[in-house]
Amino acid sequence: MIYLDHHATTPVDPRVVEAMLPFFTERFGNAGSKHHRFGWDASDAVERARKQVAALIGAGPKDVIFTSGATEADNLAIMGVAEAIRAKRDVSAGALAKPDHIVTVATEHKAVLDPCRRLEQNGWRVTVLPVNRAGLVDLSEVIAAVTERTVLVSVMAANNEIGVLQPIGEIARIAHARGALMHTDAVQAVGKVPFDVEALDVDLVSMTAHKLCGPKGVGALYVRRRRAEVAPLMEGGGQERGLRPGTLNVPGIVGFGKAAEIARAAMPGEAKTTSGLRDRLLEGLRSRVDGMTVNGTLDARLPGNLNVSFEGIDGEALLVSLDDIAVSSGAACTAAEPSHVLVALGLAKDRALASLRFGLGRTTTKDEVDYAAVKVAAVVSRLRSMSPVGGARRL
Ligand code: PLP
């Protein structure tokens, strides 16, 4: 079985496993225990990991809040900013322009879109911007959407289905010009492409360990302290500057730190290798298959992403036939429901369903991509020959 689904998750790097193991057994302390060596040891390990994660995004360690993953980080950023503003707004009587507006984009992950929808149900106004055929948001549309009532602009750095990279620095500038905060879900970008909170001037950044060869169930939210006010979603023990109470997942956090350290050192070389393999896969497919289009621009894209759709193919039959290659047709896509990202790009439903997302990563080899190109081409050709429509078109 060949694994080409690194946007869904990644295998944990053995060096990360090795770093984590002692924190399950002999170094099992609670990072919140202030009165003995076990607690101090765990706390030191957490602070080391905080520095490692912060270094990956050019941040100060104090601005990194550990969470259970990026879904929680996205929720904390969006609902937390809204709650902090609401609390202030309610006491500032007579405010002329009520801050009650959030701007996001149609191709965001559900971890962003769903909290925005929840806020909308609670009286917030939410603008969901479209993307063009390339998958990119138009900056003039951002300028038109952001007003003095906008509190937050949330746009992902790299898309998890089509891999396109949004112009985050430019969008942050537009948000700040109107006094809004800038959040970015950078789950797929960090550790894969250069990402620096100072260069981009962002205020809130969501990350997760399991997309960069770290463990599942641990992530972080970067919160620029002097600018972004965030209210916690839960009350409890006051950990993580009171923003994320609860006993810290010390082994997971140590693993995240190690994964971040490895990714930071490996990124330039890895990005080159992975994009080379991705281009090889694309060429391998193009030379064998007609009626195939690449979804999203190739000009600003994650090195390990390829998303293609095929004319005249039943999407479900395609996935079922690829029995020894782990790929997906998008995030949480079902036969009845095409990917909201591909639909936002303007693809018709059947075309969106006949799409494959390839996610290449640290462990991907040349032989694997060569095998995948041959296999996918053979399956597409067989399915077309079985379909009267496809056969007639000689695709
Ligand atoms: N945001 C993006 C862009 C993702 O790709 C994912 C992963 O599926 C998430 C958020 C959710 O991350 P987690 O699995 O850590 O909750």
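**Cores, helix packing and selected residues**

Leu204 counts as buried, at 0% relative accessibility. The model is a predicted one. Leu204 is found in strand E7. The C-alpha atoms of Leu204 and Asp63 are 9.3 Å apart. Along the chain, 141 residues separate Leu204 from Asp63.

The largest nonpolar core has 67 residues. Those with the most contacts inside this core are Phe66, Val153, Phe195, Met207 and Phe256. Helix H8, residues 250-286, supplies the largest share, nine residues. In soluble globular proteins, nonpolar side chains tend to be buried together.

Met207 illustrates the contacts made within the largest core. With neighbours within four places in sequence left aside, Met207 is in contact with Val53, Ile57, Gly69, Ala70, Val187, Val190, Gly219, Ala220, Tyr222 and Phe256.

Helix H8 packs with helix H2 (residues 37-56). Their axes come within 8 Å and cross at roughly 30°. Angles under 35 degrees count as roughly parallel, so H2 is roughly parallel to H8. The crossing of the two helices is left-handed. On the H2 side, the contact is made by Ala42, Ala45, Val46, Arg48, Ala49, Gln52, Val53, Ala55 and Leu56. H8 contributes Val250, Ile253, Val254, Phe256, Gly257, Lys258, Ala260, Glu261, Ala263, Arg264 and Met267. By class, the contact of H2 with H8 has 14 nonpolar, two polar and four charged residues.

H8 also packs with helix H12, residues 366-386. Here the axes are 9 Å apart and the angle is about 25°. H8 is therefore roughly parallel to H12. The crossing of H8 and H12 is right-handed. Leu277, Arg280, Leu281, Gly284 and Leu285 make the contact from H8. From H12 come Lys366, Val369, Asp370, Ala372, Ala373 and Val376. The residues of this contact divide into seven nonpolar, one polar and three charged. Two residues of H8 link these contacts to the cores. Phe256 takes part in the contact with H2 and is listed among the residues with the most contacts inside the largest core.

Helix H6 spans residues 168-177. Its buried residues are Ile168, Gly169, Ile171, Ala172, Ile174 and Ala175. These pack against helix H5 (139-145), strand E5 (150-154), strand E6 (181-185) and helix H7 (197-200). H6 is followed by Gly179, with a positive phi near 85°.

Most residues other than glycine have a negative phi, and most peptide bonds are trans. Asp201 has a positive phi, near 55°, and is not a glycine. Asp201 is found in the loop between H7 and strand E7 (204-208). With a relative accessible area of 28%, Asp201 is partly exposed. Glu240 is not a glycine either, and its phi is positive, about 50°. The loop between strand E8 (219-223) and H8 holds Glu240. Glu240 is buried, with a relative accessible area of 8%.

Two further loop residues were examined. Thr107 lies between strand E3 (101-105) and helix H4 (110-121). Thr107 is buried, with a relative accessible area of 2%. Not counting residues up to four places away in sequence, Thr107 touches Val131, Met156, Asn159, Gln166, His340, Val341 and Ala344. Gln166 is 59 residues from Thr107 along the chain. The C-alpha atoms of this pair are separated by 11 Å.

Gly60 is placed in the loop between H2 and strand E2 (64-67). Gly60 counts as partly exposed, at 34% relative accessibility. Gly60 and Ala111 are 51 residues apart along the chain. Their C-alpha atoms are separated by 25 Å.

Notes
Residues numbered from 1 in each chain as written. Predicted model: local features only at pLDDT ≥ 70, side-chain atom pairs only at ≥ 80, totals over all residues. Heavy atoms only, no water. Core = buried A, V, L, I, M, F, W, Y, C linked by side-chain atoms within 4.5 Å. Buried < 20%, exposed > 50% of the residue type's maximum accessible area, 1.4 Å probe, protein only. Helix = DSSP H or I, 4+ residues; strand = E, 2+ residues; numbered from the N terminus. Contact = heavy atoms within 4.5 Å. Axes fitted to C-alpha atoms, helices over the stretch in contact; angles between N-to-C directions. Parallel < 35°, antiparallel > 145°, perpendicular 65-115°, else oblique. Left-handed = near helix turned anticlockwise from the far one by under 90°. Nonpolar A, V, L, I, M, F, W, Y, C, P; charged D, E, K, R; others polar.
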